Amino acid sequence: QPANGLPEDRRMKFQTLNMLQVPEESTRAAALRAGQADIAPVSLDTRDQVEAGGGRMIFSDQGGYFMSFFILSKDSSTPFDNKNVRRAMSHAFDKVTMMEQLYGGSVVAVTKGWGAVTPSTEGYSPDLDPLPYDPDLARKMLADAGYPDGKGIGKVIINTFPAAVHPYLPEAAQVMADYWRKELNLDVEIRTTEEDALGAAWRAGELVGQVNFSTNQCRSDAGGITNYLHGRDDHTRQMHYDPEIKKAVKEAVAVFDPVKRPQALNDMYKMLHDEQVEMNVGYINTPWGLGSRVDAWQPWPLALHITGRHTITLK
């Protein structure tokens, strides 16, 4: 608070705070509806239940992001090892329409950013946003890569899972698959599993030549996760095997000068964005249910947990 020499008063506006661990979403929504809870993580599926009790939903900005990973091979033996194939498949997917029709628009989901890099992330710039929907260009790029009308690509397998903090993830993967079928004449299969099982299969090398449609938490600084996926060669979930790319990533994340780091990260992100091994789709705002006695709350961006508790005011 200002009396302690700080620029903002972050003292709580309530006297007590009771925190309960409630694993089931339906129970959390019921508690909000009955006035037994004031704030709880929920999903769009229970929105009606929350509102029926006089509550409402709000969304904290940039909570999680979509990730579509092309799992490459070490010997360039799959179609996805060709950058133009990856970029063609990105151009063939209308991400904006998917966000609007499946999620209801930018209140919930936004087509911006690349992977964990969203507008509040250090090193972000608008040229990191998803590639635009251009099916004609996508078909030309695929043909130029040696796969006219999708011939020779083979079955495209998309692996995904239900995510508690990211609503409709399997449904979003299905929309992507439908665009690839329609625009590129590809044979696409969706495989829905558990998140842990998918990670284990990736580490075991069982997903080479496939696609992972996943989600993760946004970051204020995405250098660490980018280095983990794109710069290291000592783990089993590598995004690619190009030594020059790995070298560039390691050099960028090693820049700690606060003046130089944003530009170093931005240059690295743009290089990886061009590769489209990690096909960016956008980010989702984290849904929260508020009970009827909550007057206001302003959660901070880039967080999946309750933040900004000093902004909570009760009626």
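Reader: What makes up the lining of the largest pocket, by class of residue?

Author: In this predicted model, the lining of the largest pocket has 13 nonpolar, six polar and four charged residues. Tyr, Trp and Cys count as nonpolar under the classes used here, and Gly counts as polar.

Reader: Which residues lie nearest the centre of the largest pocket, and which elements supply its lining?

Author: The lining holds 23 residues, and Asn 18, Met 19, Leu 20, Asp 38 and Ile 39 lie nearest the centre. Helix α1 (25–33) and strand β1 (39–41) each supply at least two residues of this lining. The space in the largest pocket is about 730 Å³.

Reader: How do you know which element contributes the largest share to the second largest pocket?

Author: The second largest pocket holds about 460 Å³ of space. Its lining numbers 25 residues, with Met 67, Glu 195, Ser 214, Thr 215 and Arg 237 closest to the centre. Two or more lining residues come from each of β2 (56–70), α7 (195–203), β6 (211–217) and α8. The largest share is that of α7, with six residues. By class, the lining divides into 13 nonpolar, seven polar and five charged residues.

Reader: Why is the space lined by Tyr 65 and Trp 114, among others, called a cavity?

Author: A cavity is a set of points where a 1.4 Å probe fits but cannot get out, whereas a pocket is an open set. The space lined by Tyr 65, Trp 114, Ala 116, Ile 225, Thr 226, Leu 229 and Glu 278 is the largest cavity, so the probe fits there but cannot get out. About 40 Å³ of space lies in this cavity, and the count of cavities of 30 Å³ or more comes to one.

Reader: Which helix gives the most to the lining of the largest cavity, and what classes of residue are found in that lining?

Author: Helix α8 (residues 223–230) gives the most, with three residues. The lining as a whole comprises five nonpolar residues, one polar and one charged.

Reader: What share of the protein chain counts as buried?

Author: Buried means under 20% relative accessible area, and 50% of the 315 residues count as buried. The chain exposes about 15000 Å², of which carbon and sulfur atoms supply 49%.

How values were computed:
Residues are numbered from 1 along each chain as its sequence is written. This is a predicted model: local features need pLDDT of at least 70, side-chain atom pairs count only at pLDDT 80 or more; totals for chains, interfaces and linings use all residues. Side-chain values use heavy atoms; hydrogens and water are left out. On a 1 Å grid over the protein atoms alone, a cavity is a set of points where a 1.4 Å probe fits but cannot get out, and a pocket is an open set with protein on both sides within 12 Å along at least five of seven lines; lining residues have an atom within 4 Å of a point. Grid points are joined across faces, edges and corners, and a volume is the space filled by probe spheres set on the points. Helices (H or I, at least four residues) and strands (E, at least two) are DSSP runs, numbered from the N terminus. Buried means under 20% relative accessible area, exposed over 50%, partly exposed in between (1.4 Å probe, protein chains only). Accessible areas come from the Shrake-Rupley method with a 1.4 Å probe; for residues, only the protein chains shown count as cover.
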